[in-house]
Amino acid sequence: MAVPHLMSGHDLAGLALANRVVMAPMTRSRAGADCAPGDMHATYYAQRSSAGLIVTEATQVSPQGIGNPGTPGIYSNAQIAGWHMVTDAVHGAGGRIYLQLWHVGRISHPLMQAGGALPVAPSAIKPDGAVMTWDGMQDFVMPRALETDEMAGIVEQYRTGAANGRAAGFDGVEIHGGNGYLLDQFTRDGANRRNDIYGGSVANRIRLPLEIVEAVIGVWGADRVGYRISPFQPYNTMSDSDPEATFIALTAELETLGLGYLHVVEVSAPGAAPPDASVTEFLAARHALYKRIRDIFSRTVMVNSGYDRARGEAVIEAGAADLVSYGRPFIANPDLPRRLVENADLAAPDPATMYGGGAGGYIDYPKLMD
Ligand code: PHB
């Protein structure tokens, strides 16, 4: 078989992708008070449908799962209808789209929670810093540690979100297990100090994530479910005393469950090559954990974090990953795959319009002229 490139097709567990350039999940904070996507979201995603696969912005599975204003949900009829407009628009343009299922856990605030409730978490450990709320930036508060008998309800939130995602016409779902949100909080021991069956050993810390994966597989089948991890991500006050042991164990379990893909956020890995390093140096410097993950996980591996054209090509050609997800480059370059093929200049996104606002900086970035 010919060596694959960024623009080669890929068989994602039976779903044919036109290329290996994935649009990464990105919060854009443009949903209204009902957390439903609208016409603008449909336009935005359809404009980017030349990606081999789109993974939506993180989407809360329940009202408890919200952290910031403007993030969409997948727990109400209005949200399902709004997302159906999005999937119809993307499919109409020939694209593929997965829904990212999200619960922020402690990365929230009572102002965002029903009845001013405390955000929930594995343990009562307050993250550093502040969070955007309906009433501006607010310091994080001490979260409430979930009771053991509440775990089944968290699993149900994800099961319902997964079923609603099916009703909304998605091609599959990605469970967000990274970046310091609820499932990552359970997984990494810097945020999980529980002494029940959901804390302590690695097997216990990955218990809730795996219960959720099994529930979502029950809705979709394993082929159509992805999972996102970020083993070294410090964002949202995260740490782990042994990332290799934690994420090798999690990867092995996801392999056993036959998951469709694993999405690895590589940011902040120790020893990474600087941005100006050659692709050879970059490949050589990728953390050993990622090579272990690639060896253990037999299905599709997607990588992410600061990839450009050359590094994306290199990681695919080396067989170190199957797909590369690009985030920021997709904001201002709706036709990113074409620009990568043509090695065209990339437009820079305006930071002022990344989060929130209207059409400006969202659906008005032009494609290249023919
Ligand atoms: C964010 O809303 O800032 C956000 C959401 C999901 C991520 C990372 C950041 O994975």
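1. Shell around the ligand. In this predicted model, the shell around the ligand divides into 3 nonpolar residues, 3 polar residues and 1 charged residue. Its members are Thr27, Trp102, His176, Asn179, Tyr181, Arg228 and Tyr235. Arg counts as charged, so Arg228 is the charged member of this shell.

2. The side chain of His176 has an N or O atom 2.6 Å from an oxygen atom of the ligand. For Asn179, an N or O atom of the side chain likewise lies 2.6 Å from a ligand oxygen. Tyr235 places a polar side-chain atom 3.3 Å from an oxygen atom of the ligand. Of the 280 Å² of accessible area that the ligand has on its own, the protein covers 81%.

3. The ligand takes up the space of the largest pocket. The volume of that pocket is about 1100 Å³. Its lining is made up of 40 residues, and Met26, Thr27, Asn179, Tyr235 and Tyr355 are the closest to the centre.

4. Second largest pocket. About 250 Å³ of space lies in the second largest pocket. Among the 15 residues that line it, Glu266, Ala272, Phe282, Ser305 and Arg311 lie nearest the centre. The lining of the second largest pocket divides into 8 nonpolar, 4 polar and 3 charged residues.

5. Cavity. How many cavities of 30 Å³ or more does the structure hold? There is 1, and the space in the largest cavity is about 30 Å³. Helix H9 (288–296) and strand S13 (300–304) are the elements that give two or more residues to its lining. H9 supplies the largest share, 3 residues.

6. Cavity lining. The residues that line the largest cavity are Val264, Glu266, Arg286, Tyr290, Ile293, Arg294, Val301, Val303 and Ala320. This lining has 6 nonpolar and 3 charged residues, and no polar ones. Glu266 is part of this cavity lining and is also one of the residues nearest the centre of the second largest pocket.

Technical notes. Residues numbered from 1 in each chain as written. Predicted model: local features only at pLDDT ≥ 70, side-chain atom pairs only at ≥ 80, totals over all residues. Heavy atoms only, no water. 1 Å grid on protein atoms, 1.4 Å probe; cavity = no way out; pocket = protein on both sides within 12 Å on 5 of 7 lines; lining within 4 Å. Points joined across faces, edges and corners; volume = space filled by probe spheres on them. Helix = DSSP H or I, 4+ residues; strand = E, 2+ residues; numbered from the N terminus. Near = heavy atom within 4 Å. Polar contact = N/O pair within 3.5 Å; in protein donor to acceptor, adjacent residues only side chain to side chain. Areas by Shrake-Rupley, 256 points an atom, 1.4 Å probe, with all protein chains shown as cover. Sits in = over half its atoms within 2 Å of the grid points.
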